[in-house]
Amino acid sequence: MLGWFPGHMNKARRQILEALPEIDVVIEVLDARLPYSSANPMLAELTRHKPVLKILSRADLADPERTREWTAFFDAQDDTRALAVTTTQARELKRIPKLCHELAGQVRADRDVRVMVMGIPNVGKSTLINGLAGRTIAKTGNEPAVTKRQQKVRIGGRVALIDTPGVLWPKIEDQASAHRLAASGAIRDTAIDYVDVAVVAAAELARRYPEALKARYKLKALPAYTPHPEAEQVEADGPSRVDLLALSGFDGHAILAEIAGKRGGLRPGGEVDLHRGAEVLLHELRDGKLGRLTLETPADIPIEPAPAEDGGDDAEPA
């Protein structure tokens, strides 16, 4: 299982709980390429009684059609609005103060609307705050967990922002989401198996955007994946891992090996350097060099199992 929960994130959770009673609206910054996987369920639980503005950041890197699907999906939820933006484009941020006022409802005329900005690491929170403030307030960086403490920022439109450190959850149960997060750069590269993440990313890109993948790396074919007969076997020390390549239907190993061979990963003797292929694919995916891609749709959200019915007094013993 991929999981990552530094100590400062536990502290951030306590700080969020302490500040929430004074907050009118929550802005949750999501990566427009993976709006479900980049939404921390812990934050959703903490803020469930507050109106929420979902900011889909990096919209310039995401598939526009899929972004429209996600915006409609969030807008259909109670006390929730969604806005897709490129956080470095100030003109796209001008609607945010107005949307915060609409979500907050009636607020005393003598005070600002108080807005808490939150999200997982490396989704563009600090860039968003700097854009709203019109100056550099929050430190930014192309790696997770740059913001380490809460910051208060007053912006135009009678809105006061509270920035919070990016918070990942203690254990990411959905392994498809974990791999999408790792591929996007939300989890430090030192905390992941680089090749494993790239293999799954290659298979998923073959399923969702085959023409973009073939064009970028001059691939003639995208090989289908044949599941290992024991892929779903339950091991003695725990549950089986989901075979993500089988779900995609494509052989990510073979695709990654071909990418490596074409991009300087072919060693003497014909040995293929998969790590080189992984570096190329993940870096170019994160930089948008494969085009505007979205790694999930609302249809990919796992269906929660129905709670078990209580058999009551008439239930038969096991």
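Which residues touch the most other members of the largest nonpolar core? The views below, taken from a predicted model, begin with that core.

**View 1. The largest nonpolar core.** I27, I96, L128, L161, L213 and L281 touch the most other members of this core, which has 64 residues. Helix α7 gives the most to the core, with eleven residues. Domain 1 (12–163) and domain 2 (175–297) each supply at least three residues. Apart from this core lies another, of 14 residues, with A12, I23, M116 and M118 among them.

**View 2. Surroundings of I27.** Leaving out residues up to four places away in sequence, I27 touches L53, I55, I96, C100, V115, M116, V117, M118 and L128. Two of these partners, I96 and L128, are named together with I27 as residues that touch the most other members of the largest nonpolar core.

**View 3. Helix α11 and its cover.** Helix α11 covers residues 274–286, and its 13 residues should span 18 Å at 1.5 Å a residue; the end C-alpha atoms are 18 Å apart, which agrees. G277, A278, V280, L281, L282, E284, L285 and R286 are the buried residues of α11. The elements that cover them include α6 (175–184), α7 (194–208), α8 (210–217) and α10 (252–262).

View 4. At the start of the helix, a side-chain oxygen of D273 comes to within 3.1 Å of the backbone nitrogen of H275. After the helix comes G288, which has a positive phi, near 75 degrees.

**View 5. G105 in its loop.** The loop between α4 (95–104) and β4 (113–118) contains G105. G105 counts as partly exposed because its relative accessibility is 44%, between the limits of 20% and 50%. Its C-alpha atom is separated by 9.6 Å from that of V25, a residue 80 places away along the chain.

**View 6. Confidence along the chain.** The average pLDDT of the protein is 84, and 83% of the residues score at least 70. Helix α3 (residues 64–75) has the highest confidence, at 98, and helix α1 (residues 7–19) the lowest, at a mean of 74. The pLDDT is below 50 over residues 141–148, a stretch with 28 contacts in the model beyond near neighbours in sequence. Residues 233–237 also have a pLDDT below 50; beyond near neighbours in sequence, this stretch has three contacts in the model.

Notes:
Residues are numbered from 1 along each chain as its sequence is written. Side-chain values use heavy atoms; hydrogens and water are left out. Helices (H or I, at least four residues) and strands (E, at least two) are DSSP runs, numbered from the N terminus. The expected span of a helix is 1.5 Å times one less than its number of residues. Buried means under 20% relative accessible area, exposed over 50%, partly exposed in between (1.4 Å probe, protein chains only). Contact means heavy atoms within 4.5 Å. A polar contact is a pair of N or O atoms within 3.5 Å; within protein, one must be able to donate a hydrogen and the other to accept it, and residues adjacent in sequence count only if both atoms are side-chain atoms. A nonpolar core is a set of buried Ala, Val, Leu, Ile, Met, Phe, Trp, Tyr and Cys residues joined through side-chain atoms within 4.5 Å. Domain bounds come from an automatic or database domain assignment. pLDDT is the predictor's confidence in each residue, from 0 to 100.
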